[in-house]
Amino acid sequence: MSVPKAELHLHIEGTLEPDLAFALAARNGVELPCADTDALREAYRFQDLQSFLDLYYALMTVLRTERDFEDLADAYLARAAAQGVRHAEIFFDPQAHLARGVGMGTVVEGLWRALGGSEERHGVSTRLIMCFLRDESAESAMATLDAAGPYLDRITGVGLDSAEVGHPPRKFREVYEAAAALGLRRVAHAGEEGPPEYITEALDVLGVERVDHGLRCVEDPALVERLVRERVPLTLCPLSNVRLRTVDTLAGHPLPAMLDAGLMCTVNSDDPAYFGGYAGDNFDAVRGALGLGPERLRELARNSFLASFLDDDEALRARYLAEVEAYDFG
Ligand SMILES: Nc1ncnc2[nH]cnc12
Ligand SMILES: [Zn+2]
């Protein structure tokens with residue numbers, strides 16, 4: 001569905017399509033764990049978050065040069081634009097690259113080559129959000145923030161991702177304080193596989209402005225009430241939830257109930273190359289499986305711009321919001 005929308009939960013490494021993975025493997029002389037793209041697609045049957053992360057980290061080893069990161073981001077932006085994405089706030093995982101000897105400069109400059117030309121080439125405005133891997137140490141996160149020092153003019157905010165359970169937000173209190181002192185915006189994955197308490201901690205200890213996923217808030221009515229009252233945006237990823245088995249079926253996804261409760265939900269793709277679809281595909285999926293009508297779909301699109309970090313360009317946000325209101329769902 002091509003309703004104008006912002007994508008607020010998108011891991012750039014999770015946009016690595018099998019064709020590009022094999023092309024980059026050949027270009028860089030990297031051996032992949034699968035023989036061909038069909039075998040790779042066969043491997044996309046995940047039991048949970050960790051089984052996905054194992055493949056996600058293995059495959060991203062093909063990313064070596066600035067040009068690789070540029071090609072990756074440019075391919076995503078083209079696909080996203082074709083599905084109505086007008087603004088994208090893009091996560092990247094520097095620690096996963098630094099650990100392989102790929103420098104922060106290679107990653108950020110490469111991504112920036114694509115992002116810098118995105119408005120002109122694709123009609124998509126962008127922001128970059130640097131994520132810390134929560135299954136790595138707090139010291140490693142702090143060292144990553146230090147390494148990003150020369151590139152902070154290109155980085156809007158920080159996030160927290162990777163294996164959630166056993167790695168509560170409070171582990172990263174200091175690095176989030178340091179990020180805030182640098183003027184960076186703050187978001188974090190919480191309540192994907194982890195308990196509702198992690199959502200509360202992300203808000204109270206890390207000071208996040210948005211919660212990525214936040215799905216498990218539905219288990220705690222008092223938390224839902226708070227999220228509604230404080231208008232905390234949740235960046236939901238319905239196709240991801242099905243593929244990682246955080247919900248049993250798409251038809252059983254709590255999104256309609258969450259909207260009915262007054263939560264500020266957005267719909268996003270997370271890792272679209274792995275989970276069966278980009279932002280527009282996620283909108284199509286929730287329309288089809290959950291029977292959301294035009295006003296609910298418009299609300300989701302509107303929320304995406306309201307929850308975005310476009311505070312530095314209110315004129316652009318207003319233009320996007322006007323496009324949402326004018327969209328004809330047919
Ligand atoms: N859905 C997800 N949850 C946590 N970490 C991730 N990294 C990439 N995708 C992720
Ligand atoms: Zn995610």
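Predicted model: local features only at pLDDT ≥ 70, side-chain atom pairs only at ≥ 80, totals over all residues.

Colleague: Which residues does UniProt list for "binding site"?

Modeller: UniProt positions are given in the numbering used here, feature names are shortened, and annotations may be inferred rather than shown by experiment. An unreviewed entry lists His9, His11, His189 and Asp270 under "binding site". These residues are spread over 262 residues of sequence, yet they cluster in space, with a largest C-alpha distance of 11.7 Å. The UniProt record also lists Asp271 for "binding site", again in an unreviewed entry.

Colleague: Is histidine 9 buried or exposed?

Modeller: A residue is buried if 20 or more other C-beta atoms, placed from the backbone, lie within 10 Å of its own, exposed if 12 or fewer, and partly exposed in between. Histidine 9 counts as buried because it has 28 C-beta neighbours inside 10 Å. Aspartate 270 is buried too, with 31 other C-beta atoms within 10 Å.

Colleague: Where do histidine 9 and aspartate 270 lie?

Modeller: Helices (H or I, at least four residues) and strands (E, at least two) are DSSP runs, numbered from the N terminus. Histidine 9 belongs to strand β1, residues 5-11, whereas aspartate 270 sits in the loop between β8 (264-267) and α14 (272-275). Two residues are in contact if their C-beta atoms, placed from the backbone, lie within 7 Å. Leaving out residues up to four places away in sequence, histidine 9 touches several residues, including Asp212 and Asp270.

Colleague: Which residues surround ligand 1?

Modeller: A residue is near a molecule if its C-beta atom, placed from the backbone, lies within 6 Å of it. The residues around ligand 1 include His11, His189, Asp270 and Asp271. The shell divides into 2 nonpolar, 5 polar and 4 charged residues. Here Ala, Val, Leu, Ile, Met, Phe, Trp, Tyr, Cys and Pro count as nonpolar, Asp, Glu, Lys and Arg as charged, and the others, Gly among them, as polar.

Colleague: Which residues of helix α8 are buried?

Modeller: An α-helix has 3.6 residues a turn, so residues three or four places apart point the same way. In α8, residues 138-147, the buried residues are Ala141, Thr144 and Leu145. Seen down the axis, they fall within an arc of 100° (taken from the directions from the helix axis to the C-beta atoms), so they line one face of the helix. Glu139 and Asp146 are exposed on the other side. The buried residues of α8 pack against α5 (94-98), β3 (125-133) and α9 (173-181).

Colleague: How many residues has the largest nonpolar core?

Modeller: A nonpolar core is a set of buried Ala, Val, Leu, Ile, Met, Phe, Trp, Tyr and Cys residues joined through C-beta atoms within 7 Å. The largest has 96 residues, and Ala202 is one of those with the most contacts inside it.

Colleague: What is the phi of arginine 231?

Modeller: Arginine 231 has a positive phi of about 50° although it is not a glycine. Arginine 231 is exposed, with 12 other C-beta atoms within 10 Å. Arginine 245, also not a glycine, has a positive phi of about 60°.

Notes. Residues numbered from 1 in each chain as written. Chains lettered and ligands numbered in written order.
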